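Here is a walk through one structure, taken a piece at a time. Keep the sequence and the 3D view side by side as you read.

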Amino acid sequence: MRKSLMLLGILVCCCMLVFAQVKPITGKVTDSKGSPIPGVTVKVKGQRAGTSADAEGNFKINASSSATLIISGVGFETKEVRVGDFENLTISLRQSDASLSEVVVTALGIKREKRLLTYATQEVKGTTLVEAKQDNLVNALAGKVAGVQVTNSSGMPGSSARITIRGNSSLVGENQALFVIDGIPMDNGEAGNPDNSLFAGGTVNRASDIDPNTIESINVLKGAAATALYGSAAARGAVIITTKNGSGRGGGKPNVSFSSSYSFDGAILPKFQHQFAQGSNGVFVDGNNGGISSTSWGPNVDTLKVNGAPVKVYDNVKNFFKTGHTTDNNVTVSGNTDRSNYVVSYSYLKTDGTEPTTNYSRHSFFTKYGIKLLNNLNLSTQITYVHSDNHRLLEGNGLESPLWTIYAAPITWNPLPYLNPDGSQQLYRASRNNPYWLVDNTGLNDKTDRILPVLNLSYNPLSWLTITERLGADMYTNTTGFYENTGVVSNYPQGRIWNRTNEFQQFNNDLIIEGRKDITDKLFVDVLVGNNILTKYNNSNFIQGTELSIPGFYNISNASNVSSNYNYYKQRKVGFYAQATLEYLKMLTLSFTGRYDGSSVLSQDKQFYPYGSASAGFIFTQLLGMATNPVMNFGKIRVAYSAVGNDNVQPYSLSNPFYHYAIGNISLPVNGVNGYQLTTTYGFPLKNESLKEFEVGLETKFFQNRASLDVTYFDRKATNLLTPGTPYAPGTGFSSASLNAGDMYDRGVEVVLGFTPIRTKDLTWDITVNWSRIRNKVTRLAPGINSIQFGGFTHPGIFAFAGQPYGVIYGTSFLRDSATHKLLLDDNGYPQVDNNSTVIGNSTPNWTGGLTSTLTYKGFTFGFTLDMKQGGNILNLDNHYLYVYGTPASTAIRGTTKVFDGIIQSTGKQNTTPVVLDQSYFTNILSVADESSVEDASYLKIRQASLGYNFGNTLLKGSVVKGLALTVTATNFILHKKYSGSDPEVSLNGSGNGQGFSSFNVPSNHSIIVGLKASF
Amino acid sequence: MKRNKALSILFAGAILAGSGCKKFLDVNKDPNNPLTVSESLILPDVELTTSTQIVGGYNANVTSYWMQQLSLNQPSPGIETYLMLPNDDDNTWSFYLYPNVFQNLNVMITEAEGAGHNQYVAIGKTLFAFNMAITTDLWGSVPFSQALQPTAIPKPKYDKQEDIYKGIQSMLDSALYYIGQPASKIAPGSDDMVFGGDMDAWKKFIYSLKARFYLRLSKAPGYTASAQADLALAALANGFASNSDNATVAYSGSSQAENPWYEGTLPGAGGVVMNKQFIDGLVARNDPRLPILATKGSGGTYAGRQSGADVALSPNYKVFSVPNTFYGGFLPLVASTAPQPGTAASVYLMTYSELLFIQAEATFYKSGAAAAQPIYEAAIAAHMDMLGVSGTDKATYIASKTLLNASNAIQEIIDEKYVADFLSIETFNDWRRTGFPSLTIAQNAYLSGIPRRWPYTFTEVLTNPQPEQNGVTMLDRVWWDAQ
C-alpha cells in the first residue's frame, strides 16, 4: 500500500515536470472590504509546497496557467482560483461563518471546530485573564464561566484559591478541576501548613505559578463527556490552557511588547464596636497599666476617665493593616517566519500585602519555539520556568496568628510598644502574643522553583493522518519554612523552626494517531486512538527543631531538639483511548469515546477499568437553511452521556501501616527508644469510583451573531466514591476507614447569554451574562454512617450528610419547638442552647452569576465584570470567638433589651418578657450556639471594572511605538453583602474541601490598579 | 495469511503491553511506613500515650478542674464550669484510647502470644486493664468484648460496666499467669518506660491495680464494701511495698519528651493555676507539701483561684499559685531563659501512697478506725517521702491530724488521699464513690451540679449509635457510682 502511494507521488511529480509551463505570479489577498489579509497560505493545487502572504497581503508564487491556486486563512473561507492568463491577481476572501468554523482546544489538546462539539465548553481569552489583575490565575477566572465556582481563601499574598466545575463530586477526594497546559496536565496542589490550616492558615495552590501573560486562551471543559478522553483526572472538569504562539509581522522580525501595572490594595475589614472599654460587667480594666482582662465588656468610653482625663481610644484593627501594593511587569518578544515561530516572555510580579511584612513575588519565564522540520513534520518545544517566593504570617485561631489577638483587642489598649521594659511581650491579657511582636518574630517562607517543559512532535504522513507524540513534565521544588522566636506564647516557648521540602515530578506522555477525512462530500469522519502514561513522584522532607539556642537565629542548626521525617510517593497510570466522530452535512455530529485506564493506587484486582461516552450534536439551522436568517442564524442541540471511572485516592491507601510515633509534642526516639503505632484509618480494598453524567444543551445565535444563548442542563451521579476518611466506630480500634462509600448527585443548569447592543464603526458594546444553578445531594454514605467531616472543627464544622447537600454546616443550635420551630426560651425569656449538634447551614450557593460588559468607543474601553452569588451560608468563626470578648460591632447593642419571639419552655406560653442583652447573653448563649455564627454568604461585587485608552495608529505614527494603551482598573468592590465579616468569599480551608468558613483569615482586598501596555 | 500474521503480532503485542502494564502499575507498596513491627516498638508508645494523654494531659486536666485542684483563668462557660461537649472528649476516645492504646495493645498481645513472648503478653494485658478501667470510669458502658474487630464487628455493642470490671480483673489474673510462665529471651528492657522490663515490679503493680479496682466497687449495686475490702486487702498484700515500686513514666525533659503537665500549663493553655479549694485546704492544715505542690503567686503568697470566678475582675493569672515542678508545672514567674525543671517530671500511674490509702480504707471497713489509723499515717508519710518532705515536718503534720473514728474515717482518709493523688483521675473516682472531699459547685456553672461522667463522644455517637447513649447527661451516674 505504502509503496503504491509513493509510486503515485513520483508519477504525479514527473507529470508536473513534463507538462508545467511555470510562470511567476504575484497577488494580493484582501477581505471583502478590501483590507489586506496577512499570513494567508497560497498553494498550487496538487502540490505540497506553498507560500504565505506578507503583512500587506502580497504573495509571489510560481505556477502554470493551467494550475489552480488554493488560498486559505484562518477565519476565512478557502478559495480556489484558476491562474489562467493572469500574472497579477487580487483575491478577495469571504469571512467564514464564525459559528461553523470557530476552533477551540478540547481534551488532549486537540483542536476542533466548535460546531463539532457535542458538549459544553466555554472559552476565556488570555487578555481577559491579564485584565483581571489577579496574582492567582484561578482568581482571574472568577465570575467568567457558567458553572465554575472560584473561592479565594484569604487576602494574604500568595493565598490559595479553589476552583470547582459543576459543583462537588467527591466526598473527601479532589473536587477541583484538572489544569492542562498545552496538552500536559499540571499539578494544582496546595502543600498546606503541617500545623493544620485551622490554626495556621494555608499556602498557595500551584496553578498560581502560571503567568496569565503567557496565556493565549483558556477553554473550560465542563462535563464528563468533554473530558472522558482525558481520563479520570479530568472527571471533575478541566481547565485547558493554551499558551501563546509566535505571532506578528512575519519575516522573523521581532515584536516587542511591554506591560506594567501598579496597584493600591485596601483590606476589607470586618466591623468592630468602638464604644466599650476593656473589662467585664461594666468594670474597667486598664490593660496599658498592668491590668489583665481578655474581654471588652467594660464601661462606655464616652464617660470613662483614666486619672481624670478621658480614656484614649485606639482603632487597633485599622492601624494594624496598611495599603498593599502589587507591581506586575511583563516583556514579551515574539516573531515568526513561514517555517518557524517563537515567543520569549518574562514577567515579574510582586505583591506587598496589607498585613505588615507579608509579600508574594513571582518571576516567570516562558519560551516557545515551533518549527516545520519537514513539510509534514512539525516540532514545537517550550519551557516555563517559575520562581515564586512568599512570606506570610499565620492565620486561623492559633496562638501565632496575629489577627486572633488584634480582632479581640480592647479599644482602650495601645498595642505599642510591643515589648515591656523587661523584654517580655506587652499585652492586655494573658496567654496571647502581641500581634506586632508576631510580625517581627514569626513567619512562614514559601519558595518554589518550577519548570514545565513540553515537546510536541506532529507528523502528517498523509494529508488526512496526523501522528502526535507529546511529552511533557511538571517538576518543582517547594521549600517551606516556619519560625517562631524564643519568647513566643505557644507550645514552644523556647522557639521553633520547621522546614519542609517537597520535590514533585510528573511526567506525561501521549501518543495520538488521528485520521480526519471527508469520506464523501456529505460525511466527515475523525477517528483517533492513543495511549497515555502518567507518572507522579513526590519526595517530602520535613525537619523540625525546637528550643533555639540563639534567639532570632532561624537555622535548624540553632535548635536543641531536632526531629524529621521523610516520605516518598510514587503513582502511575496507563490509559488507552479512542474516539470516533462522524459529521453528516455539517449538521449532525455523532461522537463516541472509550478509555481503558489502569491505576497503581487501586486494589491489584481492580486496577483496570473501562469507561466512555456517546454524544450527538444537531445543527438544526443548517437543515432549515437558516444561516442567513436575520433573527436566528444558528441553532444546535447537543445530547451527551458519559460514564467515567476515577481513582481519586492517594497512593498507599490500601494498607494498614505503622507510623512513626508522635503524639502532640511527644515523639520518639527518646534516649535510644524508638516506636511505631498502628494507623487509625483502616484500609479496605478499593476499586475505582464512577461518575455517570447526562448532559443536554442548546446553542443559538441570533441577529447574525449579534446575540447568542447557550443553555446546558446536566445530571451527574457519582457512585462508590472513594472516601479515605470515612468515620468508623473507634471501638473497632480504627476511628476512620478507607472505603468505597457514598453516592451523590449534582444537577444543574448553565446559561451563557451574549449580546452586542451596539456595533458601529466607533462604538461597540458587548455584554456577556453567565448564570448557573447547581443542586447537589449526598444520597448515600457508608453503611450506617450518616456524616463525614471535611472542614472546620468537630463542631462547628463542614460535613457531608446523607440526604443533605454536600458541605452542610453542622453545629449546636438554639433549642426550638419541633412543631412550630419557635425558640424555646428559659424562664427568664432567654434562648437556650441545644448541645446536640444539627445541620445549621449549607455552604453551597443557590445560584451564581456573572455579567461582563465591554464598551469600546474609538480608543476608549470601559469594561466591568459583576459577580454574584445568591444564597449559601458561611460560618463566621471570628464572631463565634469574639462574642466572648465583646469586640464585634454586633455587641455594641449590649445593655439594650429585647423580647425574644419564642415559647417559654416550662409554661408553653408565648414570651412577652423583655430581657437585657448583657455580657452573659453574648458569652453564654450567643457564642455557645454555633448557629449564631452562620451567616448568609450572598454577595454582589464588582469583580473588576476598568477604563482604558488605546492610542491609535495615527497618534503613534512615525514613532517606534506601535501600540500604547493605558488602563485604570478597580477590583473586588463589594456592592452588596449580608455577611458581617470581611468578604463572604473566603475560606480558611484554602483550596481544600470544606469551604464555607472563615476564622481569622486575612481579609480580602479591594484594589485600584494603574496599567500601561506598549508594543514596539 | 499476511494479514493474519500482522494481527497475531498485534495481538501478542497487546498482551505483552497488558502484562507489562500490570507490572508497571505495581508500585503501591508504601516505602515510608512499615506494615509489621516488633512488640518492643509498640510498647513504648502505648506507655507514653497512657501517661501523656490518659493519665496526664487533657483527661486529668478536666478532672483536676472539676475536683478543684486546678483552675483555668478563662471566662466561663468552659470545661472548668462543666461546659463539656461531645467533641471535647473525642480525641481521647477516638484516637488515644481505642486506636492508640487498645488496638496497639491488641496487636502487641496477639503478636507476643503467638511468639511466646510471655513478658510482653503480661505487660500488654496490664496496660489494657489499666486503661479500660479509666475508660469505663469516665463513660460507663463502653465497647469491650466486641471491640477491636474492624471487619467482623464494625459497630461493637457496649458491655455493662459490671462485666467490664469482671473482664479487667480476669485480664489482670491472666497477666499474672503469663508472668508465671517461663520468661522469653525476647524480653522488654529500655522499651518498657514504666519498669524497664522488671517483671517483679509489674507483678506488684498488677496486685496494686487489682486492689484499686476491687475497692472501686465498694458501693456498686450487688457488691458490699466489706467483701470488696477483703478482696482488696488480699491483693494488696502482694502490691507495692515502698515508693521505689511506684509505677511512673519518666520524661527526659527535651522538647519532644516533656512532661504533659508542663505542656498543659504553658501560658498558651490559657492560664492553668491552682484552685482556691485545694490551696486553702493545704494552707489551713499547714501542710508542709504546699511549697512542693504549688508556687507562690506574684503577690508572694499562696493564692488559688475560685472555680468559675469572673476572669475580668481577677487580675493577671500570675498572681495565682501554679502547680510546682514536682508534677511538671510550668513556672511563669521565672525569667524566660531560666530552666524549667517541670519538663523532666515523671507522671505517676499509681503510687505506694495510693495503695496505702486503699489499704487504710479497706482496713477501716473490715477492722475499724483504730486499725486503719497507722496505715492512714503511713500513707500520708509515703506521699511526703515521695515529695522529699523532711522527717520533722512530716512528723509534725501527721501529729496534727485528728484521729480516725467511725464517723470521720472515710472523709479523713479520702481528704488526705485527695492531696496524695494530686492531679490524678483517682480523685474524681474517689469523690464520686465517697463524696469526699466535699466540694461546692463552681461559680457561673453551666450545669446544675458537678458532672459525674463524660458525654459519649461525637465520633462514637456518629458511627456507632447504641441504646446506652440515649438520654444520658453528664450528671448521671455510672454503675458503680450508686447513691
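Predicted model: local features only at pLDDT ≥ 70, side-chain atom pairs only at ≥ 80, totals over all residues.

Strand β15 (residues 215-221) of chain A and strand β16 (residues 238-243) of chain A are joined by six bridges. The two strands run antiparallel. To find the pairing on screen, look for Val220(A), which stands opposite Val239(A) in β16(A).

Five strands of chain A form an open sheet in the order β10-β15-β16-β13-β14. The pairing in this sheet is mixed. From one strand to the next, the twist averages 25°. Which strands stand at the edges of this sheet? They are β10 (121-125) and β14 (184-186) of chain A. Each has a single partner strand, so one side of each is left without a neighbour in the sheet.

Strands of a sheet pair through backbone hydrogen bonds, and the pairing can be parallel or antiparallel. In a regular strand the side chains alternate between the two faces of the sheet.

Now turn to another sheet in chain A. An open sheet of four strands has the order β3-β2-β5-β6, and its pairing is antiparallel. Its edges are β3 (50-52) and β6 (79-82) of chain A. Each of these pairs with a single strand, so one side of each has no neighbour in the sheet. Neighbouring strands here are turned by 25° against each other on average, direction ignored. Look inside this sheet at strand β2 (residues 41-44) of chain A, which pairs with β3(A) in the antiparallel sense over three bridges. Here Lys43(A) has Gly50(A) of β3(A) as its bridge partner.

Strand β26 (residues 442-462) of chain A and strand β27 (residues 465-484) of chain A run antiparallel, joined by 17 bridges. How many residues does the hairpin from β26(A) to β27(A) pass through? The hairpin passes through two residues. One pairing to look for is Asn456(A) with its bridge partner Arg470(A) in β27(A). β27(A) also pairs with strand β28 (residues 496-518) of chain A, in the antiparallel sense and over 20 bridges. There, Glu484(A) stands opposite Arg496(A) in β28(A).

Next comes a helix. Is helix α11 (residues 877-885) of chain A largely enclosed or left open by the rest of the structure? Eight of its nine residues are buried, so α11(A) is largely enclosed by the rest of the structure. The buried residues are Leu877(A), Asp878(A), Asn879(A), His880(A), Leu882(A), Tyr883(A), Val884(A) and Tyr885(A). They pack against β52 (873-876), α12 and β59 (997-998) of chain A. After α11(A) comes Gly886(A), with a positive phi near 75°.

Step back to chain A as a whole. Chain A holds 13 helices and 60 strands. Its C-alpha trace spans about 110 × 70 × 65 Å along the principal axes. A compact globule of 1016 residues would have a radius of gyration near 31 Å, and chain A agrees with this at 32 Å. Buried residues make up 50% of the chain. Among contacts in chain A with a separation of 6 or more, 68% are between residues 24 or more positions apart.

Chain A also touches chain B. In this interface, 79 residues of chain A are in contact with 74 residues of chain B. Several elements of chain A each supply at least two residues to its side, among them β29 (523-548), β31 (588-599) and α12 (919-926). The largest share, eight residues, comes from β30(A). By class, this side of chain A has 35 nonpolar, 41 polar and three charged residues.

Finish within chain B, at a pair of helices. Two packed helices are described by the angle between their axes and the distance between the axes. Helix α12 (residues 352-367) of chain B and helix α15 (residues 409-420) of chain B pack at about 175°, with their axes 10 Å apart. They are therefore roughly antiparallel to each other. On the α12(B) side, the contact residues include Phe357(B), Ala360(B) and Phe364(B). On the α15(B) side, they include Ile410(B), Ile413(B) and Lys417(B). The residues of this contact divide into seven nonpolar, one polar and three charged.

Technical notes:
Residues numbered from 1 in each chain as written. Chains lettered and ligands numbered in written order. Rg over C-alpha atoms; globule rule 2.2 N^0.38 Å. Buried ≥ 20, exposed ≤ 12 C-beta atoms within 10 Å, placed from the backbone. Contact = placed C-beta atoms within 7 Å. Axes fitted to C-alpha atoms, helices over the stretch in contact; angles between N-to-C directions. Parallel < 35°, antiparallel > 145°, perpendicular 65-115°, else oblique. Nonpolar A, V, L, I, M, F, W, Y, C, P; charged D, E, K, R; others polar. Pairing = 2+ DSSP bridges.
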